[in-house]
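Q: I would like to learn how to read some features of a protein model. Can we take them one at a time?

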Amino acid sequence: MDVKLDPSRDDLPLLANTGHILVKHYVLDLDVDFKSQIIEGSIVLFFEPGNRFKKQSSSIEETCQSESNEACKFRMPEPCHNPVTHTSTFSSKMGYDGFSVCGKGVKDTSGKDGNHDNWEQASGISSSKYCCDTGNHGSEDFLLVLDCCDLSVLKVEEVDVAAVPGIEKFARSPTLTVVSEELRNQIIRELVTLPADRWREQLDYYARCSQAPGCGELLFDTDTWSLQIRKTGTQAATDFPHAIRIRYRTKPQGRSVTWTSDQSGRPCVYTMGSPINNRALFPCQEPPVAMSTWQATVRAAASFVVLMSGENSAKPTQLHEGCSSWHYYVTMPMPASTFTIAVGSWAEMKPETCLSNDLATERSLSSSEADFRYVGVCGHMEYPCRFQNASATTQEIIPHRVFAPVCLKGACQETLLRLIPPCLSAAHSVLGTHPFSRLDVLIVPANFPSLGMARPNKEETGCVSDSGSSVIKHGLNPEKAFMQVHYLKGYFLLRFLAKRLGDDTYFSFLRKFVHTFHGQLILSQDFLQMLLENIPEEKRLELSVENIFRDWLESSGIPQPLQRERGAAAACGLARRVSAEVAKWIRVNRRPRKRKRRETEEVFEKLLPDQLVWLLECLLEQKTLKPRTLQSLERTYHLPEQDAEVRHRWCELVVKHRYTKAYKDVERFLQEDQAMGIYLYGELMVGEDARQQQLARRCFELTKEQMDRSSAEVVAEMLF
C-alpha cells in the first residue's frame with residue numbers, strides 16, 4: 001500500500017475512506033516544544049458511518065492493492081488485562097510515555113516512513129505482524145484509513161465513552177444496559193446529532209469523552225501517506241468504534257508546520273497550508289467532503305501566544321510556572337485543511353482610541369438590504385448559524401484582534417489597526433452577514449508561502465473510488481504553487497462579469513450567493529449557474545456556463561473578452577496619467593548627461609501604488625535604462641519604501657539593467673519577501689551575470705533553512 005511518488009511531478013493521494021466512515025469532530029490535546037521542534041499529544045476522533053460503507057473485503061482491494069502479493073502489516077498489541085489508566089494520566093502535568101512537555105521534549109528518532117522503529121520503544125508493548133491479505137483470517141475486518149504523513153503514531157485505542165458521568169442520557173435504548181460496543185456507538189450517534197442550539201452541551205461532552213479511559217488498543221500501521229486502523233472481528237463501518245484516541249508526535253521535518261523565527265528573531269511555528277495540508281499535524285480525513293468541527297487545547301511555554309482558527313477569543317490559562325494552556329473550538333463543520341495554528345512571541349496590538357477592540361457595530365438595514373436577510377431553512381448541515389441570528393445580521397464590524405512580532409508593533413499600530421474596521425464594514429456592505437463571530441489577524445514570518453493557502457485544484461481530482469479515496473493532480477509538484485495564471489484569469493473573469501452586468505446587479509448577486517451557499521462546499525459551476533439564473537435576459541449577452549468555461553478556464557492565453565477591453569481600460573484617467581509619466585521617463589532616459597540650458601526639468605506626478613506597478617512594468621519593456629534614470633526613479637518614488645508589489649517590479653528593473661547600486665534592495669527583497677522572491681532568483685540566473693548569480697546563491701544560503709520547502713526546491717533547481 002505504500003505509494004512512492006516523485007514530488008517533482010506526481011499527484012497527491014487522498015486515501016481516507018470517507019465513503020465508508022466520516023469524522024464528525026476532532027478533540028486535540030497537544031504540547032508545543034520549541035527545543036525539540038515537536039508537537040506531541042493526542043487526538044480523539046468521533047465518527048459516524050458514511051453512506052456507502054461496505055464490508056472490508058472490497059475496501060482491502062482498494063486500499064491495500066499492490067502489484068506484488070506483499071501483505072499489509074499491522075500492529076498487534078498484546079492482550080491488556082490491567083485496567084486502562086484514565087487519561088488524566090496524559091494531563092499537562094505529566095509526560096507522554098516518559099517524555100516531558102513544555103520545553104523538555106526529545107527529538108524524534110524514528111524512521112521516515114511509519115512508526116516501525118519506535119513502536120516497541122515508545123509504548124513498551126510488543127508487536128507482531130498482522131496480515132490483511134484476503135486469504136488470511138481477519139481479512140473481512142473493516143479498515144479505517146486516515147490521511148497521515150510525517151507523524152510518529154505511538155498508540156491507537158478505543159475510548160470508553162460509557163464511563164463518562166452523566167453520559168447515560170444519550171443511551172436511548174432501554175435494552176442496552178450492559179456496557180458494550182453497541183452502547184458506546186449509540187452514545188456517539190446521539191452526541192454527534194444533537195441539535196445546533198445545544199452546541200455548548202455538545203462541546204462539553206466531546207471534551208469529557210475525550211478524557212475518558214481507553215477500553216482496548218486497536219491494530220494500526222502507517223505508510224508514507226496514511227494511517228490504517230482496524231479492530232479484530234469488526235467487519236462493517238457501523239460496528240467500528242465511533243470514538244478512538246490516537247497518541248502521536250509530529251516530526252521536525254513534517255511538511256504541515258514550519259518551525260522558524262519571526263521578524264524579531266524569536267522562535268515561532270505555524271501551519272503553512274502546504275500541498276499536504278494538515279496531515280503532518282494530525283491524522284485526519286483530507287477530502288473536503290469530510291466536513292467536521294473541532295476543539296483543541298494547546299500547551300506551550302508561558303512566553304508564547306497560541307493562535308488558532310477558532311471561533312472564540314482564547315486567553316491563556318497558567319497551568320504551572322512557565323507553562324500556559326489555550327483552548328479554541330469551532331461549531332461550523334469545515335474541511336480539516338482549514339485548521340490553522342500559529343505559536344510565537346506575538347504582541348497583541350491595542351487600538352489607542354477609547355473604542356473597544358471588541359467593537360461590534362450594528363445598524364438598521366435599508367429596505368433593499370432587508371430583502372437579502374436569510375429567511376427559511378439553511379442549505380448546509382446543522383450548526384449554530386449566524387445567518388439566522390438577527391443581531392449578527394446587522395453586525396458590520398466583528399470583534400477582532402491583531403498580533404505581530406514586537407519589531408512591527410509600531411507599523412501595525414499606525415497602519416493596520418486603522419484599516420481592519422473599514423475593511424470589515426465594506427465586506428459586510430457587499431456580502432452581508434459575517435460567517436464567523438470574530439477574527440484574529442497575524443503578521444506572519446517572511447518565509448510564509450504566499451500562495452500556500454490557495455493550492456489550485458480542478459473539480460476533478462482524479463478517479464474517486466467507492467471508498468472516497470482520490471488524488472490531486474500535480475499536487476506534489478513544487479512549481480505548481482508559483483503558477484499564478486489561474487488566479488489572474490479568475491480575477492479578471494470576476495472583473496469582466498462585474499463590468500458586463502453592472503456593479504449594482506453583480507454585487508446584489510454576490511450577496512444572494514453568499515446567503516444561499518454559506519456553510520457549503522461549492523464549485524465554479526454553482527457560482528456561474530446561479531449568476532446566469534439571477535440576471536435579466538438582456539444582460540446575459542450570450543453568456544453561458546459552457547462558453548465561460550471554454551473562454552476563461554479551459555483555454556490558454558488571454559481570453560478574447562479581456563483582449564477587447566484592454567484598449568478601453570487604457571483610456572481611463574488613471575491609465576492615461578501613467579502613460580504620460582512613462583513618456584516623461586523615456587524622454588529623461590534619452591537625454592544626454594549634459595543638457596542644454598533651455599531644456600526644462602520634468603515634473604513627475606504623484607502616483608498610487610497600482611499606478612507605480614504599471615509604470616515600472618512599462619519601463620521594463622524598455623531595452624535600456626541608464627543608471628542615472630534608475631537613480632532618479634528610486635529617489636522620485638522612494639521605491640525601497642513602497643509595498644512588496646512595487647518593490648518587486650523595482651528589483652526586476654535593477655536586475656535587468658544590472659544597476660549595482662541597488663543590489664542591496666534585491667538582497668533585502670529575497671530575504672524579507674521570500675515567496676514573491678522566487679521569480680527574482682530566476683531573473684538573477686538567466687542573465688548569466690557572475691555577480692548576480694553570486695548574489696542569488698548568497699541569499700539562498702542565508703534563507704534556505706527557513707524557506708518554505710516547495711520554494712527551496714524550486715530555487716535550488718534554478719541555482720544548481
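A: This is a predicted model, in which local features need pLDDT of at least 70, side-chain atom pairs count only at pLDDT 80 or more, and totals for chains, interfaces and linings use all residues. Residues are numbered from 1 along each chain as its sequence is written, and side-chain values use heavy atoms, leaving out hydrogens and water.

Q: How many residues has helix α9, and what span does it reach from its first C-alpha to its last?

A: Helices (H or I, at least four residues) and strands (E, at least two) are DSSP runs, numbered from the N terminus. The expected span is 1.5 Å times one less than the number of residues. Helix α9 (residues 503-517) has 15 residues and reaches 21 Å, close to the 21 Å expected.

Q: Which residues in α9 are buried?

A: Buried means under 20% relative accessible area, exposed over 50%, and partly exposed in between (1.4 Å probe, protein chains only). In α9 the buried residues include Tyr506, Phe509 and Phe513.

Q: What is the order of the strands in the open sheet?

A: Strands of a sheet pair through backbone hydrogen bonds, either parallel or antiparallel. Two strands count as paired if DSSP finds at least two bridges between them. Here the order is β19-β20-β21, with mixed pairing. β19 and β21 are at the edges with a single partner strand each, so one side of each lacks a neighbour in the sheet.

Q: How do β20 and β21 run, and how many bridges join them?

A: They run parallel, joined by 4 bridges. Val402 stands opposite Val441 in β21, and Arg401 has Asp440 as its bridge partner there.
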